[in-house]
Amino acid sequence: MTSSDSGHGSHSGHGGTAAGHNLLSGPPPTRLPSDAAATAALAAGADPSAVAAATPELSAAWAVLAEQAFAAGRTVEAYAYARTGYHRGLDALRRAGWRGIGPIPWSHEPNRGFLRALAVLGQAAAVIGETAEADRCRTFLADSDPTVAGALGLV
């Protein structure tokens, strides 16, 4: 880490700033911008394929497609949808200031599409024998927010 980095990680000395953020505790939670264009359409019963086509940059519809495919036993299809939602989510997280570490809270609804896609990616990876990827996904979910596994019924 260089002195020009964002200030997270290797600082020593006092533990906070005038604003009260503890620099030693790690980066603040990342909260993605609204994904209401996708979630509202999905909640209204729109076809997830149409929603994904209309909002391909948002993870929510990709996560629904992945969950549906996985539940129907179409594991490779689920894996592909989940990987798309995961990568779209990583892009959005980076635009929101995420630098590869730190909380991605489930309680912030726009984060849920990404977290759901990550969960299905891990499940599908396990089924097709991608053990290392399944383990990485489980760890990433737990590191993002320890409540996600319970919220998604994965415990």
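Which backbone oxygen does the side chain of Asn-111 reach? The side chain of Asn-111 reaches the backbone oxygen of Pro-105 at 3.0 Å. A polar contact is a pair of N or O atoms within 3.5 Å; within protein, one must be able to donate a hydrogen and the other to accept it, and residues adjacent in sequence count only if both atoms are side-chain atoms.

This is a predicted model, in which local features need pLDDT of at least 70 and side-chain atom pairs count only at pLDDT 80 or more, while totals for chains, interfaces and linings use all residues. Residues are numbered from 1 along each chain as its sequence is written, and side-chain values use heavy atoms, with hydrogens and water left out.

**Overall make-up**

The protein chain has seven helices and zero strands. Helices (H or I, at least four residues) and strands (E, at least two) are DSSP runs, numbered from the N terminus. Of the 155 residues in the protein chain, 38% are buried. Buried means under 20% relative accessible area, exposed over 50%, and partly exposed in between (1.4 Å probe, protein chains only). Among contacts between residues at least 6 apart in sequence, 55% join residues at least 24 apart. Contact here means heavy atoms within 4.5 Å.

**Two helix pairs**

The axes of α5 (residues 112-127) and α6 (residues 131-144) come within 7 Å and cross at roughly 150 degrees. Axes are lines fitted to C-alpha atoms, for helices over the stretch in contact, and angles run from 0 to 180 degrees between N-to-C directions. Helices α5 and α6 are therefore roughly antiparallel to each other. Angles under 35 degrees count as roughly parallel, over 145 as roughly antiparallel, 65 to 115 as roughly perpendicular and the rest as oblique. Residues of α5 in this contact include Phe-114, Leu-115 and Leu-118, and those of α6 include Cys-137, Phe-140 and Ser-144. By class, the contact of α5 with α6 has eleven nonpolar, three polar and one charged residues. Ala, Val, Leu, Ile, Met, Phe, Trp, Tyr, Cys and Pro count as nonpolar, Asp, Glu, Lys and Arg as charged, and the others, Gly among them, as polar.

Helix α1 (residues 36-43) packs with helix α3 (residues 59-71) at an angle of about 40 degrees, and their axes are 7 Å apart. That makes α1 oblique to α3. Ala-38, Thr-39 and Leu-42 of α1 make the contact with Ala-60, Ala-61 and Val-64 of α3. This contact has five nonpolar, one polar and no charged residues.

**Single residues**

| Residue | Relative accessible area | Class |
|---|---|---|
| Asn-111 | 0% | buried |
| Ser-144 | 3% | buried |
| Leu-154 | 34% | partly exposed |
| Ala-132 | 46% | partly exposed |

Asn-111 lies in the loop between α4 (75-95) and α5. Not counting residues up to four places away in sequence, Asn-111 touches Thr-30, Arg-31, Leu-32, Ile-104 and Pro-105. Ser-144 is in helix α6. With residues up to four places away left out, Ser-144 touches Gly-102, Pro-103, Ile-104, Pro-105 and Leu-115.

Leu-154 is in the segment after α7 (148-151). Its contacts, leaving aside neighbours within four places in sequence, are Ala-119, Gln-123, Leu-141 and Ala-149. Ala-132 is found in helix α6, and its C-alpha atom is separated by 9.5 Å from that of Gly-122, ten residues apart along the chain.
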